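Please open the structure in your viewer and keep the selection tool at hand.

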Amino acid sequence: MSTVGGYWSRYRSVPIVYRIGAAFLLGSVVGLAVGQPATQLQPLGDLFVQMLSMLIIPIIVFTLLMGARRLTPSKLGRIGGQVVGLYALTSGLAVAFGLLVANLINPGENLELTGGEAMEAEAPDIVEVILGIVPSNPIGAMAAGDILPVIFFVIVFGYALAVVEESDEISEQVSEGIESFYNLAEAGAEAMFKVVWGVMEYGVLGVFALMASVFGQAGVDAIVPFALLILTLLIAVSLHIAVVHLGGLVMLLAGQSPIKFLRGGREALITALSIRSSSGTLPVTMNDADENLKIDESVYSFSLPLGATINMDGTALYQGVAAIFAANLVGVSLTLPEQFTVVVVAVLASIGAAGVPGTGLIMLTLVLTQLGLPLEVVGFVAGVDPILDRLRTMTNISGDLAVTTVVAKWNNAVDFASGSWVGEPNGSAPADD
C-alpha cells in the first residue's frame, strides 16, 4: 500500500498542466493508431466536459457578486467599454491575420468540392439578441446555462445590494443580511476553485479519452486531404497570438513578459485545446486569472464570462481562412473589397451572435452567403472541424486572458509582484489534508 501511495505522491507532484499535456499527446497517438475502436472512450471525455460545465454558472454568480462589491457604476462602465472595445479590435485583427496567411498559402487549391451536405443557419436578429440579454426568469437562465442573461441579472442584483448597503436608512438586520450574501459569495467562489482542481485531476483521463476519440473518428485518411487547411489555420493562429495577444496586449499595453503570461494561463489554454469549448473552459480560465495571473475578481468576473460569449478571435480568424479556402475550391479569387467584407461581417457576427448555439456555423454561412460562395463548404470541412475548432477555441481563451490582463492593469486591479509574473504559478492541485 505504501508503494502505491508513493507512486501516487510522485504522480501528484508533477504539475497538472504537464500531465494533461502528456494525456493530450498520448490520446492523439492512440486514436490514430487504434482507429475507430478508440471512439468507445468518448463517454470518459464527455464526463470531463460535463463536470466543467457544471461549474460555470456557480462560478459566474459567486465571482460576479464579489466583483460587484468592489465596483462603482462608473467604474463598471469604464471597464465594460474597455473590455468590449478590445474584444472587437482583436477580433478584427484576427480576421485580417486569417486572410493574410490564407492568401499566402492558398489552402484548397488542389481540392474539388465533392460531397458534403450543405449546412445553413439564419443569422440571429440583433434586436432579439439584445432583448435576450435580459432574462424573463433569472433562475431559468441559470438552469439553461445562458451566460449573458446570468451576467446581467447578477450585476444588477449585486449593485442593488451595494446601493442598499450604502443607504442611511438601512437596518442592522438588512446590513447583516447583505454582508452574509457577500460572505457566501466569497466562500462559494473559493470552494468552486477547489472543485476545479479536483475536476482537472480527472481531466488527465478525460483529455486522453477526448483526443483518442476525435483522432480515432477522423483517422489519417480523413485528415491528410485537409492538411494544408489545418496548417494554414495553425500558422494564422500562432501569428495572431504571438503578435496581437502576446506582443500587442501583454508586452506593449500591459508591459509584461509573454512567457510569464503563457505560464499563468497554460492550464486554460490546454483545456481549451482539449475540450473545444470557451464556456466549458471558463472555470479553468477564471481560476488561472485568480490564482496565477493575480487579477482582481472585479475585472475577471466580468470580462471572462463576457469573453466566453462574445470574444471569438479564433472563430473570426477562421472565417478569413475559410473564405479563401472556399474560393479556391470553386476556382475564384476574392477581391480586396470582398476580403474587407469578410472582416466586417465576421466581427459583427461575432458580437451579434452572442449566446446563440452554433455560432461558428452561423458566422461561416453568413460569410459564404455574403460572398456568394457555396454553402456546401461547411459540410465539406465537417470531418476535420473538431481539430480546427480546438485551435479556434484556444485562440479565444488566449484573447480573453490577454484583454483581461490589459484592462486589469489600466484599472490597477492586478498584482504583477506575485503569481506567475514572478515565478511558477500554482501548477498542481492542492494537497490532501
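**First stop: a pair of phenylalanines**

Select F153, which is partly exposed because its relative accessible area is 30%; partly exposed lies between buried (under 20% relative accessible area) and exposed (over 50%), with a 1.4 Å probe and protein chains only. The model is predicted, so local features need pLDDT of at least 70 and side-chain atom pairs count only at pLDDT 80 or more, while totals for chains, interfaces and linings use all residues. Residues are numbered from 1 along each chain as its sequence is written, and side-chain values use heavy atoms, leaving out hydrogens and water.

F153 and F157 both belong to helix α7 (residues 147-166), where they are four residues apart, about one turn of the helix. Helices are DSSP runs (H or I, at least four residues) and strands likewise (E, at least two), numbered from the N terminus. F157 is also partly exposed, at 29% relative accessibility.

**Aromatic rings**

How many aromatic pairs does a search of the whole structure find? The search finds three. Rings of Phe, Tyr and Trp (its six-membered ring) pair if their centres lie within 6.5 Å; planes under 30 degrees apart are stacked, over 60 edge-to-face, and the rest tilted. F153 and F157 form a stacked pair, 6.0 Å centre to centre with 10 degrees between the planes.

Now select W421, which is buried at 2% relative accessibility.

Then select R392 and Y318. The charged end of R392 sits over the ring of Y318, 4.5 Å from its centre; this requires NZ of Lys or CZ of Arg within 6 Å of the ring centre and within 35 degrees of the ring normal.

**Helix α13**

Move to N328 in helix α13 (residues 313-329). Is N328 buried or exposed? N328 is buried, with a relative accessible area of 16%. Apart from its neighbours within four places in sequence, N328 is in contact (heavy atoms within 4.5 Å) with N106, P107, G108 and E109.

**The whole chain**

Finally, display the whole protein chain, which has 17 helices and zero strands. Buried residues make up 53% of its 433 residues. Among contacts between residues at least 6 apart in sequence, 85% join residues at least 24 apart.
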